[in-house]
Number of protein chains: 2
Amino acid sequence: MALIVKKFGGSSVATTEKIMGVAKRVLAEKEPGDRIVMVVSAMGDTTDDLIKLAEGVTKDPYQYTREMDMLLTTGEQVSIALLAMAFKSLGQPAISLTGALAGMRTDSVHTKGRIAGIEPERVLQELKNGNIVVVAGFQGADKLGDPVTLGRGGSDTSAVALAGALKADTCEIYTDVDGIYSADPRLVPGARKMKEITYTEMLEMARLGAGVMQPRSVEVGQAYGIPIHVRSTFTTKPGTIIREDYTMEEKDFEIRGVAHDAKVAKIAVLGIPNTPGIAHEIFSALAKANIDVDMIVQSIRNIEKNVTDMVFTVASGDLSQAKRVVDEVAAKLNAVAVLIEEDVAKVSIVGAGMLGSPGIAARMFGALAKANINIDIISTSEISISCLIKGAQLNEAVNSIHNEFFPQQA
Amino acid sequence: MALIVKKFGGSSVATTEKIMGVAKRVLAEKEPGDRIVMVVSAMGDTTDDLIKLAEGVTKDPYQYTREMDMLLTTGEQVSIALLAMAFKSLGQPAISLTGALAGMRTDSVHTKGRIAGIEPERVLQELKNGNIVVVAGFQGADKLGDPVTLGRGGSDTSAVALAGALKADTCEIYTDVDGIYSADPRLVPGARKMKEITYTEMLEMARLGAGVMQPRSVEVGQAYGIPIHVRSTFTTKPGTIIREDYTMEEKDFEIRGVAHDAKVAKIAVLGIPNTPGIAHEIFSALAKANIDVDMIVQSIRNIEKNVTDMVFTVASGDLSQAKRVVDEVAAKLNAVAVLIEEDVAKVSIVGAGMLGSPGIAARMFGALAKANINIDIISTSEISISCLIKGAQLNEAVNSIHNEFFPQQA
């Protein structure tokens, strides 16, 4: 008699056969009395196809963010309609709801919307009517009713937020991996699957590039206290449950995992006056453009002339926009130069126990040194340490660090 | 300084190049101060592609009408987004609105919705903001906000109804023909283009199969008194204006045109008791299923046994559903048989002057007789006469009748 939100991504619904497979699987696992809300993404490459279509009209369609949202939200609308039909053809009452119809209220920052609130009445009513409710992920509507997409990882966020608003028992995120690993198994063959992980640790892993879950969805799960079960689309065995605290003792290792992020770019603003407010000048301009800045280092270039360098990283996808913003500010500040480096990557270790274990950082740097990898920038948080390195050395770095903290069993 | 609604069909926006072409054309013809609302259909074969996709999930997707609407409304949503981008990339402010956002309120008869009302506030506001407003044709939303498609010819109806609600000066319907002809030019090479035609005549032409305009859109035009300008997507020369009355004397001929409809099927319910209420029994069942019945003939089969036959026609697209309904009623009435004939077609003549000219019918029947064409059913209205004939003879029939009333100039 549980209320469960199940989220299936684009690759899980890439074809009509797969859509039918998802419907069958969900019905096979459904216990009598279970109330089920499905959150689905657009089919496979639909979003890319739509973007290509827009590029047939105009070179840079993303400058028209509202119209991009109008275009892209059709992707999920197609998959919810088909999945609802699949359920119905199997004899299971079902109904599809766009983000707007499901009560997902957003702000008006098109293509990067945030959930402003959820009005779950319609979904609850349709559940009461005996339906499996199939909701379009990744999207909502603003005050005008205009469609707004939630940006990267939006479907996960939709699912978890909806689970929160519905007071669901759990939110299941189906992906092409079967849980959260101590490192990306594609890079580290010996990576270990975890049974549980805390929101805080997962949040840090995700923020630092662990691709399985987007940080925003974990934040939302934490805010609502909804356990998030990350599991495989292809098997029925349990995955990893993200929750507030461990229900079992699984903490055999000093760190929880090694995260990495290759989609990083470094921007260096060289030779700017070292006066108060300079950092604010640069980063408030970036914030205004909705660009997240990650690692930041300010270093002295010339102490006599009181001139400094400001170096920081942004997501690769934000680079061209960030460059435009920074160039403008740099000109105003009479900076010597703005340098861009794209071949960089970030490798991080994460673990709640880190604070109590001195020497963890040293072991990480040691593992990198052993692999002859130079560290460009270091940043730390309460539960993580990150190093910016050359992109080409990322694979080696992750393996070297993972091997240090999770030595292979003989 | 006119307010103009312009409707472009699916073939006019079939590719991104064509979408750009439409945007350029509209801007080239736009007078300073003109306020323009575009109503567009889904791109080319999009609707068919979506139906095929649904058939990948379930054999008869149209049984799930609400989900079909959820699916099909994405078609227009794609084209409005792209057309709005096209305008914007040409420097013209523009905004796309789905049927729901444009205030098109419908009933809840999914896949065959009717407009229940239009709330034009958003469209007017966006015009005031200086935008060309690009509205999704063919669709609206019901009380719940669920998407509803308007069924056949829905885009024309959307456009004309929106023009009415906006109190537009005119509604331009762009098609692949350049106006209304005295017969379908594909069948009758000598057919003549009309400068004007009244709503009533056009309505009758459309009802009788003239494919250019759907009857409902003409009805709506008449109700609001909006002149409808039917013109070509490919040329800029004027087409045919549909309005209440002629502004010029163009009535050189006794009839306005020859219409035909090949998408007709005949249903005969044979050997049913000739008692009061029989017709009601059959046709109320069909009405309940939302199936329009056209020509009806009741004839005596056996006067002693007081047994009768009921013969009528429906649109080919409704045939399978109609057959299901009729079979059920026929069984209840102990009918001898239900016969279906699909190779039939309807040819009609239309003209407001017909009433005052006796002998018109005789000339029509004469033209058919001359071509050795048998008449199966005849039906008449105040401004039209229709004959049901064999489908294979349709081309010959139309030409023979057209030649009788519109003799070729030497």
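Author: Let us start with one pair: B:Glu196 stands opposite B:Ile241 in E12(B). The model is a predicted one, in which local features need pLDDT of at least 70 and side-chain atom pairs count only at pLDDT 80 or more, while totals for chains, interfaces and linings use all residues. Residues are numbered from 1 along each chain as its sequence is written, and chains are lettered from A and ligands numbered from 1 in the order in which they are written.

Reader: In which sense do E10(B) and strand E12 of chain B pair, parallel or antiparallel?

Author: Strands of a sheet pair through backbone hydrogen bonds, either parallel or antiparallel. Two strands pair if DSSP finds at least two bridges between them; strands (E, at least two residues) and helices (H or I, at least four) are DSSP runs, numbered from the N terminus. E10(B) and E12(B), the latter covering residues 240–243, pair in the parallel sense over 3 bridges.

Reader: What is the order of strands in the open sheet of chain B?

Author: The 8 strands follow the order E3-E6-E2-E1-E9-E11-E12-E10, with mixed pairing. At the edges are E3(B) (94–97) and E10(B) (196–198), each of which pairs on one side only. From one strand to the next the twist averages 20 degrees. Helix H3 of chain B (residues 65–89) packs on this sheet, touching E2(B), E3(B) and E6(B), and its direction makes about 165 degrees with that of E6(B). Here axes are lines fitted to C-alpha atoms, for helices over the stretch in contact, and angles run from 0 to 180 degrees between N-to-C directions. Two residues are in contact if their C-beta atoms, placed from the backbone, lie within 7 Å.

Reader: Which strands of chain A stand at the edges of the sheet?

Author: In chain A, 8 strands form an open sheet with mixed pairing, in the order E3-E6-E2-E1-E9-E11-E12-E10. E3(A) (94–97) and E10(A) (196–198) are the edge strands; each has a single partner strand, so one side of each is left without a neighbour in the sheet. Within the sheet, E1(A) (residues 3–8) and E2(A) (residues 35–40) pair in the parallel sense over 6 bridges.

Reader: How does one read a helix that has a buried side, and which residues of H1(A) are buried?

Author: An α-helix has 3.6 residues a turn, so residues three or four places apart point the same way. A residue is buried if 20 or more other C-beta atoms lie within 10 Å of its own, exposed if 12 or fewer, and partly exposed in between. In H1(A), the buried residues are A:Thr16, A:Ile19, A:Met20, A:Val22, A:Ala23 and A:Val26. They cover an arc of only 155 degrees around the axis, which puts them on the same side of H1(A); the arc is that of the directions from the helix axis to the C-beta atoms. On the other side of H1(A), A:Glu17 and A:Ala28 are exposed. The cover over the buried residues includes E1, E2 and H3 of chain A together with helix H2 (46–57) of chain B.

Reader: How many residues of H5(B) are buried?

Author: In H5(B), 12 of the 12 residues are buried, so this helix is largely enclosed by the rest of the structure. Among them are B:Asp156, B:Val160 and B:Leu162. After H5(B) comes B:Lys167, whose phi is positive, near 55 degrees.

Reader: Where is A:Asn306 placed, and is it buried or exposed?

Author: A:Asn306 lies in the loop between E14(A) (293–302) and E15(A) (307–315). A:Asn306 is exposed, with 11 other C-beta atoms within 10 Å. Leaving aside residues up to four places away in sequence, A:Asn306 touches A:Pro273 and A:Asn274. The hairpin of E14(A) and E15(A) has 4 residues between the strands, and there A:Asn306 takes a positive phi near 55 degrees. These two strands run antiparallel and are joined by 7 bridges, with A:Gln298 opposite A:Met310 in E15(A).

Reader: Finally, how many residues of chain A are in contact with chain B?

Author: 28 residues of chain A are in contact with 28 residues of chain B. H1(A), H2(A) and H3(A) each supply at least two residues of the side of chain A that touches chain B, and H3(A) gives the most, with 14 residues.
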